[in-house]
Amino acid sequence: MSLLFPGSSSAGPEGAPAICSRKACRAEASWQLLWNNPRIHTPERRKVWLSCTEHRGWLEDYLQTRGLWKETVPFVPEATAAEATTPAGGPAQDGNS
């Protein structure tokens with residue numbers, strides 16, 4: 001029995017909001033749960049599950065019980081993150097100018 005839907009670390013097609021990774025939850029994601037499986041991933045590798053506020057504790061417990069959880073951080077959609085790092089009134093600086 002599957003307990004989770006695969007999460008995505010970015011918004012869906014056409015700017016649709018990213019949703020919680022908990023099975024059957026359609027709520028918008030607020031958190032990123034960073035994890036890795038030390039049996040198959042290198043130590044620096046981080047996989048991401050997205051979570052709504054309601055399911056954050058449940059998903060963290062699921063990962064912690066299995067020794068996979070590393071960190072939980074706020075989820076910032078890519079478009080919002082890009083806007084936050086773009087200087088006001090100008091395009092994002094990519095260093096290729």
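Analyst: The discussion below moves from a helix to the core, the cysteines, a salt bridge and the backbone. This is a predicted model, in which local features need pLDDT of at least 70 and side-chain atom pairs count only at pLDDT 80 or more, while totals for chains, interfaces and linings use all residues. Residues are numbered from 1 along each chain as its sequence is written, and side-chain values use heavy atoms, with hydrogens and water left out.

User: Which residues of helix H1 are buried?

Analyst: An α-helix has 3.6 residues a turn, so residues three or four places apart point the same way. Helices (H or I, at least four residues) and strands (E, at least two) are taken as DSSP runs, numbered from the N terminus. Buried means under 20% relative accessible area, exposed over 50%, and partly exposed in between (1.4 Å probe, protein chains only). In H1, which spans residues 56-65, the buried residues are Leu59, Glu60, Tyr62 and Leu63. Viewed down the axis of H1, these buried residues fall within an arc of 160°, so they line one face of the helix; the arc is that of the directions from the helix axis to the C-beta atoms.

User: What covers the buried residues of H1?

Analyst: Their cover includes strands S1 (31-35), S2 (47-51) and S3 (69-74). Contact here means heavy atoms within 4.5 Å. Leaving aside neighbours within four places in sequence, Glu60 is in contact with Leu33, Trp69 and Thr72.

User: Which residues make up the largest nonpolar core?

Analyst: In soluble globular proteins, nonpolar side chains tend to be buried together. A nonpolar core is defined as a set of buried Ala, Val, Leu, Ile, Met, Phe, Trp, Tyr and Cys residues joined through side-chain atoms within 4.5 Å. The largest one has ten residues: Cys20, Cys25, Leu33, Trp35, Trp49, Cys52, Leu59, Tyr62, Leu63 and Leu68. S1 and H1 each supply at least two residues of this core, and H1 gives the most, with three.

User: How many disulfides does the structure hold?

Analyst: A disulfide is a covalent bond between the sulfur atoms of two cysteines. The criterion is a pair of cysteine sulfur atoms within 2.5 Å, and the structure holds zero disulfides. For Cys25, the nearest cysteine sulfur is that of Cys52, 3.8 Å away. Cys25 is buried, with a relative accessible area of 8%, and Cys52 is buried at 5%.

User: Which residue forms a salt bridge with Glu60?

Analyst: A salt bridge is a side-chain nitrogen of Lys or Arg within 4 Å of a carboxyl oxygen of Asp or Glu. A search of the whole structure finds one: Glu60 pairs with Arg56, the closest N and O atoms being 3.1 Å apart. Both residues lie in H1, four residues apart, about one turn of the helix. Glu60 counts as buried at 15% relative accessibility, whereas Arg56 is partly exposed at 26%.

User: Where is Ala24 found, and what is its phi?

Analyst: Most residues other than glycine have a negative phi, and most peptide bonds are trans. Ala24 lies in the segment before S1, and its phi is near 70°, a positive value in a residue other than glycine. Ala24 is exposed, with a relative accessible area of 62%. A glycine with positive phi, Gly67, follows H1, and its phi is near 70°.
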